[in-house]
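I opened this notebook to record what I looked up, one topic at a time. The entries follow the order in which I consulted the structure.

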Amino acid sequence: MKKFKKNQSVQNYQSIAFVFASVAGIVNLSSFFLLYSFASNITGYFAMIAEEATSKKWFQVFVVLAWISLFFVGSAVSATITHLKQFHRSLIINYLPIIIIVSILFGVSIYGQFYYDESIQETELILGALLFAMGVQNGFSASISNLVVKNTHLTGATTDLAVLIGRRFFWENNPEGTLFVKQRLKLVALTISGYVFGATIGGTFVRYFGFWTLAVAALFLLFFTLLFGLSPYFIRWKYRVFSRTRNVEIFRKSLESLGD
Amino acid sequence: MLRYFLFIAVLGTLSFVGIHQVSLHSNESIQGDWEELSWNYIKSDKKIRIEDDAVIKYELASHLVVHQFEHWRILSNNRMEFKDSKGLKHSCSWYLKGRGNILELVHPNNTKETYTIKNINDSILEMHVETAVHARGVLKIVLLRKHEEV
C-alpha cells in the first residue's frame, strides 16, 4: 500500500509537471508575441534590471522590479493557501490557486480581445497580471510537491537534466539511487517537454487567435485539473455508490433468505 | 501569518500602482519631432558600412516602410507622421510594448514593424531592428530630437 501511494505521488508529480509546464509555455510565448515580453522568465528579468541600471533607465528598472515582485507575490499567495489547507480542508481551498490562475487567464484573454487599446500602461499591467498568475502556478506546484516541481524554472531543470543523465547512464550503481534518478529524470524531461509543447501550441495559436490563446491555456489547465484533481473524489463517489448497491443487494438477499 | 499576508498584499498593490504611474513616463519621453542621424549595420556576419551608401541602405531596409523618410513626428494620440526631404508624407499608428523598450508601428495596410529602443534621452533616440536581408545582423537607427526654434 505504501509503495502504491509512493508510486501514485510520483505519477502525480509527473502529471503536475507536464500540465503546468505546458501552461507556462503557452502563456510565455503568447505574452511574448502579444506584449513583447516574457511572462515567466524571472532569470532574464534579473539580468534586465542590471542591464537597465547600467543604462540608468530607472523607470524601466522599477517596472521590471515590480514584475518580479508580482511573481513573488503570486508564489507567496500559493504558499499561504497551501499552508491554510492544514487548518481548513475544503475543495475550494484545495483548488483556490487553480481558480486564481484560470480567472486571470480568462480575464486577460477577454480584456485583451475586447478592450485592450495597446497602450503601454495596459501592456505593463497585463504582463504584471500574467507574471502574478505564473507565480501562483509555480508556487502551487512547488508547495504541493515539497519544492520538487517548478514548472517555469527551466534553467534549473536543464542543469538537473545534465547531472541526472550523468548519474543515470554513467556513474550510479546503487539500485535505490538508480530508481530515484530514473524518476527524477522522467520528471525533469516531462517538465522540459511540457514547456516546449506548450510554447509550440502558444506560438502557433497566438497568430490566429490572439489573446484567446490564454483562454486555451486556462481551459487546458481546467480540464487536466478536473481530470487529475477530481479523480479521487470520483473514485470515492463510485466506491460509495458501489458499496451502497452492494449493501442493498446483501439486504435484499438476507430478506429473501428470511422469507425462505 | 497575518503580517505575511499584509506584506504580500501591500507589495502586490504597490507593484500594480507603481507600474501604472511609471508607464505614463515612457509614453511621454518618446513624443516629439525626430530627424534621422545615422543608419549602421551591426552584429553582422559580414562587415557592411552603410552610413554613406544609399543603395545598400535601401537593400537592407527595403522591408521597412520608414527607411525612405528622414523626419519622424511622434504625436500624443498614438499617431506618427513621416516626411522625406521632398515633402512626401506617410502616417501610421505607434505603440510602446514590453517594458517600454519596443516601438511597434502599424501601417494603414496593417503591416507591423517593431524596433527595440536601446537608448532614449532629450536629444537621441537609438533603435535596433533585426534583419536578415544580406546577412544576419542588426540595423542601428539613430534619430536626433528636433527642438522647436524660439
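**Entry 1: a salt bridge.** I first noted the rule: a salt bridge is a side-chain nitrogen of Lys or Arg within 4 Å of a carboxyl oxygen of Asp or Glu. I then found that the side chains of E118(A) and K97(B) form a salt bridge, at 2.8 Å from N to O. Between chain A and chain B the count is 2 salt bridges.

**Entry 2: conventions.** I recorded that this is a predicted model, in which local features need pLDDT of at least 70 and side-chain atom pairs count only at pLDDT 80 or more, while totals for chains, interfaces and linings use all residues. Residues are numbered from 1 along each chain as its sequence is written, chains are lettered from A and ligands numbered from 1 in the order in which they are written, and side-chain values use heavy atoms, with hydrogens and water left out.

**Entry 3: the two chains.** I counted elements as DSSP runs numbered from the N terminus, with helices (H or I) of at least four residues and strands (E) of at least two. Chain A has 9 helices and 0 strands. Chain B has 2 helices and 8 strands, and its elements run α-β-α-β-β-β-β-β-β-β from the N terminus. I took buried to mean under 20% relative accessible area, exposed over 50%, and partly exposed in between (1.4 Å probe, protein chains only). Of the 260 residues of chain A, 46% are buried; of the 150 residues in chain B, 43% are.

**Entry 4: the interface.** I noted that the size of an interface is often given as the accessible area lost when the parts come together. Buried area is the accessible area (1.4 Å probe) that two parts lose on being put together, summed over both. Between chain A and chain B this area is about 2,900 Å², and carbon and sulfur atoms give 68% of it. Y36(A), E118(A) and I120(A) supply 22% of the area that chain A buries against chain B, more than any other three residues. With contact defined as heavy atoms within 4.5 Å, 36 residues from chain A and 29 residues from chain B take part.

**Entry 5: T123(A).** I found T123(A) in helix α5 (residues 120-144) of chain A. Is T123(A) buried or exposed? T123(A) is buried, with a relative accessible area of 0%. For its polar contacts I used pairs of N or O atoms within 3.5 Å; within protein, one must be able to donate a hydrogen and the other to accept it, and residues adjacent in sequence count only if both atoms are side-chain atoms. The side chain of T123(A) makes such a contact with the side chain of Y116(A), at 2.8 Å. The T123(A) side chain also reaches the backbone oxygen of S119(A), at 2.8 Å. Not counting residues up to four places away in sequence, T123(A) touches residues of chain B, including L96(B), K97(B) and G98(B).

**Entry 6: the nonpolar core.** A nonpolar core is a set of buried Ala, Val, Leu, Ile, Met, Phe, Trp, Tyr and Cys residues joined through side-chain atoms within 4.5 Å. The largest has 60 residues, and V27(A), L105(A) and L130(A) have the most contacts inside it. I noted that α3(A) gives this core its largest share, 12 residues. Leaving aside neighbours within four places in sequence, V27(A) is in contact with residues including L105(A), L130(A) and M134(A). Apart from this core lies another, of 23 residues, among them I74(B), C92(B), W94(B) and L143(B).
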